[in-house]
Amino acid sequence: MERYRGVNFYEVSPHIYAVSDNAYRSMRTERRDQCMLISGESGAGKTEASKKVLQYYAVTCPASEQVQTVKDRLLQSNPVLEAFGNAKTLRNDNSSRFGKYMDIQFDFRGAPVGGHILNYLLEKSRVVHQSHGERNFHIFYQLIEGGEEDLLRRLGLERNTQQYQYLVKGNCPKVSSINDRSDWKLVRKALSVIGFSDDDVEELLNIIASVLHLGNVQFGGEDSGNAYITTDTQIKYLARLLGVDGSVLKEALTHKKITAKGEELMSPLNQEQASSARDALSKAIYGRTFTWLVNKINDSLAFKDDSFSSKNASVIGLLDIYGFEVFQNNSFEQFCINYCNEKLQQLFIELTLKSEQEEYEAEGITWEPVQYFNNKIICDLVEEKFKGIISILDEECLRPGDASDITFLEKLEDTVGGHVHFLSHKLADGKTRKVMGRDEFRLLHYAGEVNYSVNGFLDKNNDLLFRNLKEVMCMSENKILTQCFDREELTDRKRPETTATQFKNSLAKLMEILMSKEPSYVRCIKPNDAKQAGRFDEVLIRHQVKYLGLMENLRVRRAGFAYRRRYEVFLQRYKSLCPDTWPNWDGRLVDGVSTLVKHLGYKPEEYKLGRSKIFIRFPKTLFATEDALEVRKHSLATKLQASWKGYSQKSKYRKLRHSAILIQAWWRGILARRRAQRRRQAADTIRRFIKGFMYRHQPRCPENEYFLDYVRYSFLMKLHRNLPKTVLDKSWPTPPPALIEASEHLRKLCMQNMVWKYCKTISPEWKHQLEQKMVASEIFKDKKDNYPQSVPKLFVGTRLNGEDINPKVLQALGTEKMKYGVPVTKYDRKGYKARARQMLLTGSSVFIVEDTKLKQRIDYSALKGISVSSLSDGMFVLHVPCEDNKQKGDVVLQSDHVIETLTKVAICADKINSININQGSIKFTVSQGKEGIIDFTSGSELLIAKAKNGHLSVTAPRLNSR
């Protein structure tokens, strides 16, 4: 590994380590996410290549204790996923039966700090059926061969794979290249490293064992055709391992729940249907458990440091997905796998052959096009909306009526029969029909022809599980199964997406992920079909090189350019190598790049300038530039670093050392003296305190005087800390018995002092204000709605200053001094017409003023009373004697400051007890013998108008309820 670490890509022979190192250095230097696409036929070595990549990063990347844990978990995730997701096939003893895309997260130092795995389409059908010469998933054989005797006894298993129906169908229990016993130990160790608890492992193994027991559940047929279970022992094991009721499980395996007209009915199954239901349950349990396992691994790989920001993180993606497969019998799984490989081949074409040639043309680079096969036509045949094979398959699965695999094949022949890459037995010529079954169709893939049998296509695409079996699993006490089978599924009436559509959508998301990253390609070539080392089948290899398009890609690479970058990126990275471009270039980007490459000595045949990019033909040119950049970095940084670090560290060290010695010596002495003094004082104090406590009930004497003084002192200090802050605060600490009388004296003195201090600080103006507020409170509190709103507002001396009052009015007042003035609205006693007036208060009278005239004078002695409503209006009535010829009747007024106005009137006229607050209405004298009425009602806004009954109607908003 060290041979490839930090070495330029073209300086060493091709190797998986070289690709890994190149992707890692590109991620570090260019701060761009990378991905490595490992592809090839089944058995070509993709899984092993992905292991090598992980091993390389684990060894060569920076490490700390935390990072080492992540490295270990990344490496140990492989044996776990292989055990649960890989199996022996005819072409490969360790074939991945699921697709895997792993993101490895790196921090700013380049150390791996986390990871995340996406899995695609596990081949669940392998759980219940294997072709001849193939095996089930490795974990079943590992558990039986490597499990301890106690473990097998608890799980109800025997150390004989021939005893289990799910393991004997391929007739291949042993494989010479696989040691199940040692692999079991690796898996158990890996589960521990990843972070699985003992309970997690126990629950997981219970599920694996339950799948084997499910396979051994056998059914018999009654005379009526209904199925019944003949193996009750397996049901007992299943009930214990899955944590479900055995009788409920037994019924669910032999009946299905049907909902008809809102009623749920249990319909018995025949023998064949019961077997299918059992197999569907086995596949569902294993498939969902595998998804849970991947999520659990993701949780352990997730980086949980809050200070870690995803913005500073970089990612290298690693795609290890099933390779192209051609078997004797190819079914739905091979169709999906080969479709996936078609998509990856299309991505390879898009990112290499097609995009590179289009880029040269777009940038104006002289180029002779290289012809290649574009497999987009095959991808469209499979995935095109409404007309593709997947759309037709979904349509057959969802349509009502008697849909079957054969009707699906007929629909294919009608819809895509004319496609050049599609063929069926019906459409083939006589020669081809001899090698094709009537239930098969053929696709001409980029890698060759493949015949697919439609048997099972609809069932595998639907992947349905009877409702009552889901209900049983939702009741499981197994903690893993409770996460795998969500109770919301039982209430969700929406039909789930089909398997093919889910796979197509997940592939589309995978393509988006890969397109967002800078790709590196690893093409695995299978040397022979016999799985033998040292054997090189030239015909097979030529075929792979041809269909992979490697020759066309090689011709494009040799005729093209090894490196291309946008002008701004190239200039930003290498501008420090030229004095004319360092530190900044202010002209056009193309001129800056041209100046830079001339200074670096590029020859004309080594580079080309496009419209927006520079293209460098030879890797050695780029390597030389990178080497020059590294040297330049050192020359810029070394001098500054050396001088500053030396001076800074030496000075800092001398100061710290000198200061530390002085502080240590001085502080140690102080601490020692303090400790000795505190100990002496503490001992004396404790001794005196204990003795005083013993003599506390005796008269004062030398033995208890310290304790009694301490008690008094404690009370006085507590009192000092908790003295009342205001005259309203009545709290007071509880005194000891000896200080009860002194405490009362102190309490009175404290209160007197606070009262004296408060009174001393009150100004005459504030005193006058408080007196007025007291009068207002006495009159209006809890009686008038708008009183609470007036409390925080200070009363003013007057609402009218000298400029507001006509000089003639002031002259008419003569020697009477105005104490208060306010603008009011007067309402006529007959027509209730509103007229603007001013109300002036003097020492003896109330004056109603209109402009320059004194309209009315009411002596305080003649004022009988004042009426006001309880609502929030500003109306009030001044009642005067009707016998007085000078007065025409009671005065109806309205003021915006009614609380303030009436308080002033009450104080000036000494009529505090003469203010009447009425509810509903106020009667007033219009003239001798005649009365008027003001009606008050609550409303949303203030309205004053004459009512039809002749009364004055006042509608006032109610501000608060009393």
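How many of the 15 residues of α2 are buried? Eleven are, so helix α2 is largely enclosed by the rest of the structure. Buried means under 20% relative accessible area, exposed over 50%, and partly exposed in between (1.4 Å probe, protein chains only).

This is a predicted model: local features need pLDDT of at least 70, side-chain atom pairs count only at pLDDT 80 or more, and totals for chains, interfaces and linings use all residues. Residues are numbered from 1 along each chain as its sequence is written, and side-chain values use heavy atoms, with hydrogens and water left out.

- Helices (H or I, at least four residues) and strands (E, at least two) are DSSP runs, numbered from the N terminus.
- Helix α2 covers residues 46-60, and its end C-alpha atoms are 21 Å apart.
- That agrees with the 21 Å that its 15 residues should span at 1.5 Å a residue; the expected span is 1.5 Å times one less than the number of residues.
- The buried residues of α2 are K46, T47, A49, S50, K51, V53, L54, Y56, Y57, A58 and T60.
- The C-alpha atom of S50 is separated by 6.5 Å from that of D320, 270 residues apart along the chain.
- D320 lies in strand β10 (residues 314-320).
- D320 counts as buried because its relative accessibility is 3%.

**Sheet β11-β12-β13**
- Three strands form an open sheet in the order β11-β12-β13, with antiparallel pairing; two strands pair if DSSP finds at least two bridges between them.
- The edge strands, β11 (422-424) and β13 (448-453), each pair on one side only.
- Neighbouring strands of this sheet are turned by 25° against each other on average, direction ignored; the axes are lines fitted to C-alpha atoms, and angles run from 0 to 180 degrees between N-to-C directions.
- Three bridges join β11 to β12 (residues 440-445).
- S424 has F441 in β12 as its bridge partner.

- Eight bridges join β18 (residues 820-827) to β19 (residues 834-841), and the two strands run antiparallel.
- Y827 stands opposite A834 in β19.
- β18 and β19 form a hairpin with six residues between them, and Y832 in the turn has a positive phi of about 55°.
- β19 is also joined to β20 (residues 845-850) by four bridges, again antiparallel.
- Q838 has V849 in β20 as its bridge partner.
- Three residues lie between β19 and β20 in their hairpin.
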